[in-house]
Amino acid sequence: MNELFRKLLFLPEQASTIAKDVDHLHYIIITTTMVAATLIFGTAAYFIIRFRRRSETEITPKVTGTFGWEALFVGLPLTTFLVWFFMGYHDFVRMQTPPPEAMDVYVVGKQWMWKFTYPEGPSSIGVLRVPVGKPVRLLLTSRDVIHSFYVPAFRIKQDAVPGAYTQTWFEVTKPGNYRVMCAEYCGLKHSEMWAEVVALSEQDYESWMRQQREGDLVTRRDATPSGPERERSLLPARQAALYDPQEAHGEVMYAERGSLAERGERVAAEKGCLKCHTVDGTEHIGPTWVDLYMRRERLTTGETVVADEAYLTESMMKPLVKLVAGYEPVMPSFQGQLEAAEVAALLEYIKTLRSARLNDVESKGP
Ligand code: CUA
């Protein structure tokens with residue numbers, strides 16, 4: 001039934017844990033609207049013929065006692081909309097809440113490519129490798145304009161905004177290559193801003209990651225035999241001739257020394273963060289970074305905020321907008337001073353400064 005509907009509606013394959021639920025809701029909405037439209041137009045047509053004016057002198061009798069029908073015509077659509085709403089709400093919450101055990105990957109969009117950085121250290125352009133059957137949380141940002149990370153086969157789409165972090169997550173259900181598109185018009189080559197998610201078995205992923213971490217420290221270009229060829233085969237012939245897989249799709253790997261957190265430690269020292277923030281738990285000019293990640297902070301405005309990736313990034317870019325209560329407003333903005341990769345490295349460093357005793361947000365109330 002699912003397959004029949006999917007083919008009938010020309011939907012892409014379902015390769016993530018949420019894809020079936022998203023489609024399921026789609027089928028229900030399509031079916032109910034089509035049934036409703038048929039009933040409404042059918043009834044209207046019947047009424048036009050059955051109750052047409054038959055002579056010049058004919059006068060329509062006054063209609064009374066229709067309360068039951070009116071209640072039905074209000075109640076039925078209302079119930080339908082409420083069912084849609086609660087199903088949609090349920091799916092939406094699930095799509096917006098990454099499982100706590102999800103692995104993180106940092107994603108930077110820029111005109112016109114996607115770059116992925118793993119907390120273990122390596123970065124790649126054009127290809128995101130993930131294990132099958134494990135939730136992956138993407139932390140997205142952009143270096144220039146707003147892009148949107150869209151994987152049709154996973155049914156996920158999330159904007160990447162410069163100077164801010166957004167997140168999305170997915171869990172791939174079968175190994176394979178899945179196309180990533182940009183879904184926000186971002187300039188001349190928006191339509192070519194492609195990447196690929198390569199879903200590997202957990203074992204293959206682990207050995208690939210090990211290879212990347214132990215590999216030599218030179219930039220290299222790996223051919224992904226299935227990737228570009230597969231892309232080309234999907235294009236109409238004229239477009240395929242214009243399409244340069246190396247440019248649009250060549251995978252560029254950067255193996256860098258140390259993990260992302262270790263790079264963050266270097267960035268913190270270079271950019272002067274540690275002049276005001278400590279990493280030993282003592283208080284100085286700004287809040288200590290020990291146990292800062294996911295801490296609930298009270299702001300000067302009286303609101304509370306959880307120090308997640310989005311808030312920490314906002315504090316680097318616009319530090320005075322949501323200032324933590326009890327500190328002087330002296331932090332400078334790092335907008336334009338920190339590259340996206342450096343922000344990701346700092347975030348990973350701050351995350352590692354989380355002591356074991358603090359494992360959930362709720363344990364430390366306001
Ligand atoms: Cu990036 Cu459109």
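Here is a short talk about reading the domains, strands, a helix and a core in a predicted model.

Trainee: What should I know before I start?

Mentor: Residues are numbered from 1 along each chain as its sequence is written. The model is predicted, and local features need pLDDT of at least 70, side-chain atom pairs count only at pLDDT 80 or more, while totals for chains, interfaces and linings use all residues.

Trainee: Which domains is the protein divided into?

Mentor: Domain bounds come from an automatic or database domain assignment. Here you have domain 1 (2-96), domain 2 (103-254) and domain 3 (260-363). Taken over C-alpha atoms, the centres of domain 1 and domain 3 are 50 Å apart.

Trainee: How do I read helix H10, and what span does it reach?

Mentor: Helices (H or I, at least four residues) and strands (E, at least two) are DSSP runs, numbered from the N terminus. A helix's expected span is 1.5 Å times one less than its number of residues. H10 (residues 340-352) has 13 residues and reaches 19 Å from first C-alpha to last, close to the expected 18 Å.

Trainee: Why is H10 called largely enclosed?

Mentor: A residue is buried if 20 or more other C-beta atoms, placed from the backbone, lie within 10 Å of its own. Ten of the 13 residues of H10 are buried, so the rest of the structure largely encloses this helix. Among them are Val-343, Glu-348 and Tyr-349.

Trainee: Which strands does S2 pair with?

Mentor: Two strands pair if DSSP finds at least two bridges between them. S2 pairs with S1 in the antiparallel sense over five bridges, and Val-107 stands opposite Phe-116 in S2. S1 and S2 form a hairpin with two residues between them. S2 also pairs with S3 (residues 123-125), antiparallel over three bridges; there, Lys-115 stands opposite Ile-125.

Trainee: Are the two faces of S2 covered or uncovered?

Mentor: Both are covered: Met-113, Lys-115 and Thr-117 on one side and Trp-114 and Phe-116 on the other are all buried.

Trainee: Which residues touch the most other members of the largest nonpolar core?

Mentor: In soluble globular proteins, nonpolar side chains tend to be buried together. A nonpolar core is a set of buried Ala, Val, Leu, Ile, Met, Phe, Trp, Tyr and Cys residues joined through C-beta atoms within 7 Å. Of the 54 residues in the largest one, Val-107, Val-197, Ala-344 and Ile-350 touch the most other members. H10 gives the largest share, nine residues. Domain 2 and domain 3 both give residues to this core, so it lies between them.

Key:
A residue is buried if 20 or more other C-beta atoms lie within 10 Å of its own, exposed if 12 or fewer, and partly exposed in between; C-beta atoms are placed from the backbone.
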